Amino acid sequence: MTDERYHGICLKAIEYRDNDKLVTLYLEGKGKITATLRGCKSPKSKLRFAASPLCFAEYELALSRGRYTVVGCERAELFDSLWKDIDKFYAAMSMLEVFSKFTYENEKNDILFLTLLKSLKQLKDGGDAEKTLAYYLTDAVSKIGYGIGAERCIKCGNASSGSKKFSLREGGIVCSDCGNGIALSSDVAEVLRECSRVSLSEFCDIERDKNVFFNIIYILKRYIEHILQEKIESLSQYLDIVSKNS
């Protein structure tokens, strides 16, 4: 048995046996792993917090017979405040789910991990949920090689101001002459372009109606589901909550 320590985040936890959980962690410098957290369902467990999604900490792992067990955990960054704001909570959970879908067991993607942490910190430090999530989704798809073509029609190169659509198949904006897709307002098309031009903090300073950012999230949800060929449940929940509260 060997012990290892890594900084990382809990992506999800599922019930396992009577008093244990299986946690999916992403660990900087190591990658995504599954580990057992023994006894963590007990109210007296000192490691109970380590099985909470959004827990960013230094995890101590024991490896035995090819399986990991969490034997220690020291918090490094508190994202607890995100649990108290329903919009930010579901935005954060959407980020975790998308990150988990974009990464593979026992493989590293620290660049995508740093993007996740930066976005979660933006939320924690007061960033708007809809702006931060829209930027994160755009940045994440770019970092896995599916960057959005938003500067001009991705098929003919036309940069005119005419009607535009977002093509899931082409992965970008197309003009009305080049294909079908999700209709875009001029504001949505403009803000989509800004995603690839500015930093996260600059993007969060953009002043537009909230519906512009919600539309971008909806488009990115559809695009990611097209790439993965599966549903992103947390994004559906986020958009449902937004529609009920608007």
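Predicted model: local features only at pLDDT ≥ 70, side-chain atom pairs only at ≥ 80, totals over all residues.
Trainee: Let's start with helices. At what angle do helix 1 and helix 3 pack, and how far apart are their axes?

Mentor: Helix 1 (residues 86-102) and helix 3 (residues 129-143) pack at about 5°. Their axes are 9 Å apart. An angle under 35 degrees counts as roughly parallel. Helix 1 and helix 3 are therefore roughly parallel to each other.

Trainee: Which residues make the contact?

Mentor: From helix 1 come Asp87, Lys88, Ala91, Ser94, Met95, Val98, Phe99 and Phe102. Helix 3 supplies Ala129, Thr132, Leu133, Tyr136, Leu137, Ala140 and Val141. By class, the contact of helix 1 with helix 3 holds 11 nonpolar, two polar and two charged residues.

Trainee: And helix 2? Is it roughly parallel or antiparallel to helix 1?

Mentor: Take the angle again. The axes of helix 1 and helix 2 (residues 110-124) cross at roughly 180° and come within 11 Å. Over 145 degrees counts as roughly antiparallel. Helix 1 and helix 2 are therefore roughly antiparallel to each other. On the helix 1 side, the contact uses Lys88, Ala91, Ala92, Met95, Leu96, Phe99 and Phe102. On the helix 2 side, it uses Leu112, Phe113, Leu116, Ser119, Leu120 and Leu123. The contact of helix 1 with helix 2 divides into 11 nonpolar residues, one polar and one charged.

Trainee: Which residues touch the most other members of the largest nonpolar core?

Mentor: Ile9 and Leu120 do, in a core of 62 residues. Helix 6 (residues 210-228) gives this core its largest share, 10 residues. Another core lies apart from it, with 19 residues, including Leu27, Ala35, Ala50 and Val70.

Trainee: What does Leu120 contact beyond its sequence neighbours?

Mentor: Leave aside residues within four places in sequence. Leu120 is then in contact with Ile9, Leu54, Phe79, Leu82, Ala92, Met95 and Leu96.

Trainee: Now sheets. What holds strands together?

Mentor: Strands of a sheet pair through backbone hydrogen bonds, either parallel or antiparallel. Here, strand 2 (residues 20-27) and strand 3 are antiparallel, with seven bridges. Leu27 stands opposite Gly31 in strand 3. The two strands, strand 2 and strand 3, form a hairpin with three residues between them. In that turn, Gly29 has a positive phi of about 85°.

Trainee: How does strand 3 run relative to strand 5, parallel or antiparallel?

Mentor: Strand 3 and strand 5 (residues 67-77) run parallel, joined by two bridges. Thr36 stands opposite Thr69 in strand 5.

Trainee: Is strand 3 mostly covered or exposed?

Mentor: Strand 3 (residues 31-37) is mostly covered. Of its seven residues, six are buried.

Trainee: In what order do the strands of the open sheet of three lie?

Mentor: The order is 7-6-8, with antiparallel pairing. An edge strand pairs on one side only; here those are strand 7 (172-175) and strand 8 (182-184). From one strand to the next, the twist averages 40°. Strand 6 (residues 164-167) and strand 7 are joined by four bridges. One partner pair is Lys164 with Cys175 in strand 7.

Trainee: Which helices lie across strands of this sheet?

Mentor: Helix 4 (residues 186-195) lies across strand 6, strand 7 and strand 8. Its angle to strand 8 is about 90°. Helix 6 lies across strand 6 and strand 8, at about 150° to strand 8.

Note on methods. Residues numbered from 1 in each chain as written. Heavy atoms only, no water. Core = buried A, V, L, I, M, F, W, Y, C linked by side-chain atoms within 4.5 Å. Buried < 20%, exposed > 50% of the residue type's maximum accessible area, 1.4 Å probe, protein only. Contact = heavy atoms within 4.5 Å. Axes fitted to C-alpha atoms, helices over the stretch in contact; angles between N-to-C directions. Parallel < 35°, antiparallel > 145°, perpendicular 65-115°, else oblique. Nonpolar A, V, L, I, M, F, W, Y, C, P; charged D, E, K, R; others polar. Pairing = 2+ DSSP bridges.
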